[in-house]
Amino acid sequence: MEFKNKNVLITGASRGIGKATALAFAHAGAKVGINYRTNTEEAAKTLAELPGDGHYLFQQDISEKEGPEALITAYISQYGQLDVLVNNAGISIFHNIDEVNFEHWTNAWESTFKTNLFAVSNMCYWGAKAMMRTGGGRMVNISSRGAFRGEPTKPAYGASKAALNAMSQSLAKALAPHKIYIGVVAPGFTETEMAAVTLTSAERENLLRESPFKRMAQPKEVAHAVLFLASEGAAYSSGTIIDVNGASYLRS
Ligand SMILES: NC(=O)c1ccc[n+]([C@@H]2O[C@H](COP(=O)([O-])OP(=O)(O)OC[C@H]3O[C@@H](n4cnc5c(N)ncnc54)[C@H](OP(=O)(O)O)[C@@H]3O)[C@@H](O)[C@H]2O)c1
């Protein structure tokens with residue numbers, strides 16, 4: 001897939017799936033804006049690994065209400081135009097209903113929705129405004145297998161990703177007349193820092209057996225699906241959700 005001179009912005013791209021996506025876009029010729037929240041050292045390492053030039057760092061906490069507008073404004077003043085927006089940044093907090101107190105429970109729901117849903121809806125809002133000014137664009141939102149099969153230890157996470165799916169499909173309808181196309185990628189367990197706590201626990205062997213591949217996803221496999229949805233030929237796939245879960249959970 002070719003993205004020569006396309007301007008791409010990826011939230012949460014200092015590590016994990018966002019980093020793999022930044023590398024894949026840069027290898028395909030794109031100019032990549034790397035957003036992250038706090039870890040400048042890690043983000044700078046990612047920037048240094050990208051082939052080609054025209055890549056920049058954008059530190060911004062997108063869970064703050066003004067964050068997404070500030071990020072899009074900074075991006076447009078650097079690049080002039082936004083062709084592809086990948087809403088990847090997300091958090092996941094354990095809050096087992098039979099273990100946590102009420103304060104922990106409500107904090108987990110509020111923080112999760114602030115980052116995984118409200119920040120993404122605000123990114124879509126300001127991203128769409130920028131794309132409308134230049135005749136269109138693509139957005140890819142990163143969801144999760146947990147939206148479909150349940151997340152018993154992190155119910156807010158599953159709910160936030162289910163809401164993200166519904167929001168993305170509504171926006172695919174609303175924005176198609178503006179030539180803005182939206183896809184969703186729903187990974188299963190992927191070898192990143194976010195999944196590390198679970199993937200290094202005694203549960204690992206059971207989790208590996210969930211997939212007939214008997215392994216987790218690699219971040220670059222998720223990136224591959226992102227690039228497909230952002231590619232020229234994928235416009236008519238707007239509103240679709242691609243599973244990247246090694247056939248561990250098959251929905252009809
Ligand atoms: N890993 C999995 O098993 C898995 C499975 C399904 C779906 N997903 C989804 O895939 C996406 C990426 O996950 P990952 O595993 O690559 O995560 P990760 O390794 O934890 O990386 C998260 C990235 O998001 C950034 N971030 C977090 N909150 C932010 C905020 N408020 N503003 C800006 N940046 C923020 C972090 O930046 P700092 O380091 O600077 O804070 C970091 O760059 C998430 O949406 C996640 O829900 C992951």
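Modeller: Two strands pair when DSSP finds at least two bridges between them. The model here is predicted.

Colleague: How many helices and strands does the protein have?

Modeller: The model is predicted, and its elements are numbered from the N terminus. The secondary structure comes to 9 helices and 7 strands.

Colleague: Why is the protein called as compact as a globular protein of its length?

Modeller: The C-alpha atoms fill a box of roughly 50 × 40 × 40 Å along the principal axes. For 252 residues the globule rule gives 18 Å. The protein counts as compact because its radius of gyration is close to that, at 17 Å.

Colleague: What percentage of the residues is buried?

Modeller: Buried means under 20% relative accessible area. Among the 252 residues, the buried share is 48%.

Colleague: Of the contacts between residues at least 6 apart in sequence, what share joins residues at least 24 apart?

Modeller: A contact here means heavy atoms within 4.5 Å. Of the contacts between residues at least 6 apart, the share joining residues at least 24 apart is 70%.

Colleague: Is strand 6 mostly covered, or mostly open, and how many of its residues are buried?

Modeller: Strand 6 spans residues 180-187. In a regular strand the side chains alternate between the two faces of the sheet. On one side of strand 6, I180, I182, V184 and A186 are buried, and on the other Y181, G183, V185 and P187 are too. So both faces are covered, and strand 6 is mostly covered, with a buried count of 8 of 8.

Colleague: Which residue stands opposite V140 in strand 6?

Modeller: Strand 5 covers residues 137-142. Strands 5 and 6 run parallel, joined by 6 bridges. Opposite V140 stands G183.

Colleague: And which residue in strand 7 stands opposite P187?

Modeller: Strand 7 takes in residues 241-244. With strand 6 it runs parallel, through 4 bridges. Opposite P187 stands V244.

Colleague: Which helix gives the most to the lining of the largest pocket?

Modeller: The largest pocket has a volume of about 910 Å³. Of its 42 lining residues, N88, A89, G90, I91 and M194 are the closest to its centre. Elements giving two or more residues are helix 1, strand 2, helix 5, helix 6 and helix 7. The most, 5 residues, come from helix 7.

Colleague: How many residues of that lining are charged?

Modeller: The lining of the largest pocket holds 13 nonpolar and 20 polar residues. The charged ones number 9.

Colleague: What is the volume of the second largest pocket?

Modeller: This pocket is lined by 15 residues, and R215, M216, A217, N245 and G246 lie nearest its centre. The lining divides into 6 nonpolar, 5 polar and 4 charged. The volume of the second largest pocket is about 200 Å³.

Colleague: Is K65 buried or exposed?

Modeller: K65 is found in the loop between strand 3 (56-59) and helix 3 (67-79). Its relative accessible area is 70%. The cut-off for exposed is over 50%, so K65 is exposed.

Colleague: How far apart in space are K65 and W109?

Modeller: In sequence, K65 and W109 are 44 residues apart. From C-alpha to C-alpha the distance is 17 Å.

Colleague: Where does T106 stand: buried, partly exposed or exposed?

Modeller: T106 lies in helix 4, residues 102-133. Its relative accessible area is 24%. Buried needs under 20% and exposed needs over 50%, so T106 is partly exposed.

Note on methods. Residues numbered from 1 in each chain as written. Predicted model: local features only at pLDDT ≥ 70, side-chain atom pairs only at ≥ 80, totals over all residues. Heavy atoms only, no water. Buried < 20%, exposed > 50% of the residue type's maximum accessible area, 1.4 Å probe, protein only. 1 Å grid on protein atoms, 1.4 Å probe; cavity = no way out; pocket = protein on both sides within 12 Å on 5 of 7 lines; lining within 4 Å. Points joined across faces, edges and corners; volume = space filled by probe spheres on them. Nonpolar A, V, L, I, M, F, W, Y, C, P; charged D, E, K, R; others polar. Rg over C-alpha atoms; globule rule 2.2 N^0.38 Å.
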